[in-house]
Amino acid sequence: MGQDQGGFYSIAWLENLVGCRITNADRIVAAWQDPHVGDRFPLHPDMVLRIAQVDAPHALVVAPPGPGEAGRFEQPFEFSWAFVIRERPDAAGVRLVARERYRPTSAAGAASVVVGGLVSTLMTSAMLAGIRERVGREASAA
């Protein structure tokens with residue numbers, strides 16, 4: 001996933017309206033299947049997260065670069081984004097859970113988290129639907 005890889009499988013025209021330059025992949029690309037801690041995870045040409053944790057094939061966590069790290073961008077909150085695959089209790093497959101965590105560092109941060117959270121809810125819902133659609137296509141092609 002990411003701006004210069006598979007995209008975010010959501011509403012590309014909306015992401016591109018704010019300059020993200022997203023193209024959503026419609027197939028699995030082998031070169032993108034081996035992420036490592038520290039790898040780039042770009043959201044936008046000017047905003048790059050880093051992979052903070054990999055537990056393949058169960059979890060991927062991304063976060064902004066830390067203080068003093070290359071690519072650091074300032075925002076009024078701390079942030080992480082986790083993608084976790086969990087087995088369903090009814091043994092009917094798996095479920096992909098996407099979770100964002102924010103910790104405002106100022107009053108402006110608290111306001112931006114509220115507004116950003118609303119946008120993120122829409123985009124995450126679209127992303128999960130886009131991933132579900134692609135997984136379904138891959139499964140039926142196999």
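Let's start with charge: the protein carries 14 positive and 15 negative side chains, and the centres of the two sets lie 4 Å apart. Here Lys and Arg count as positive and Asp and Glu as negative, with His and the chain ends not counted; each charge is placed at NZ of Lys, CZ of Arg, CG of Asp or CD of Glu.

A word on the model itself. It is a predicted model, in which local features need pLDDT of at least 70 and side-chain atom pairs count only at pLDDT 80 or more, while totals for chains, interfaces and linings use all residues. Residues are numbered from 1 along each chain as its sequence is written, and side-chain values use heavy atoms, with hydrogens and water left out.

Now to the fold. There are 2 helices and 5 strands, arranged along the sequence as α-β-β-β-β-β-α. The radius of gyration is 16 Å, close to the 14 Å that the globule rule gives for 142 residues, so the protein is as compact as a globular protein of that length. Helices (H or I, at least four residues) and strands (E, at least two) are DSSP runs numbered from the N terminus; the radius is taken over C-alpha atoms, and the globule rule is 2.2 Å times the number of residues to the power 0.38. Along its principal axes, the C-alpha trace spans about 50 × 30 × 30 Å.

Of the 142 residues, 32% are buried, meaning under 20% relative accessible area with a 1.4 Å probe, protein chains only. Among contacts (heavy atoms within 4.5 Å) with a separation of 6 or more, 41% join residues 24 or more positions apart.

For a closer look inside, turn to the aromatic rings, where a search of the whole structure finds 6 pairs. Phe 8 and Phe 41 make a tilted one, at 6.0 Å centre to centre and 55 degrees between the planes. This pair bridges 33 residues, from Phe 8 in the segment before helix H1 (12-17) to Phe 41 in strand E1 (residues 40-44). Both Phe 8 and Phe 41 are buried. Phe 41 also meets Trp 81: their ring centres are 6.0 Å apart and their planes at 80 degrees, so this pair is edge-to-face. Since Trp 81 sits in strand E4 (residues 77-87) and Phe 41 in strand E1, the pair ties together parts 40 residues apart in sequence. Rings of Phe, Tyr and Trp (its six-membered ring) pair if their centres lie within 6.5 Å; planes under 30 degrees apart are stacked, over 60 edge-to-face and the rest tilted. Trp 81 is buried, like Phe 41. Finally, ring pairs link Phe 8, Phe 41, Trp 81 and Phe 83 into a cluster.

Methods
Buried < 20%, exposed > 50% of the residue type's maximum accessible area, 1.4 Å probe, protein only.
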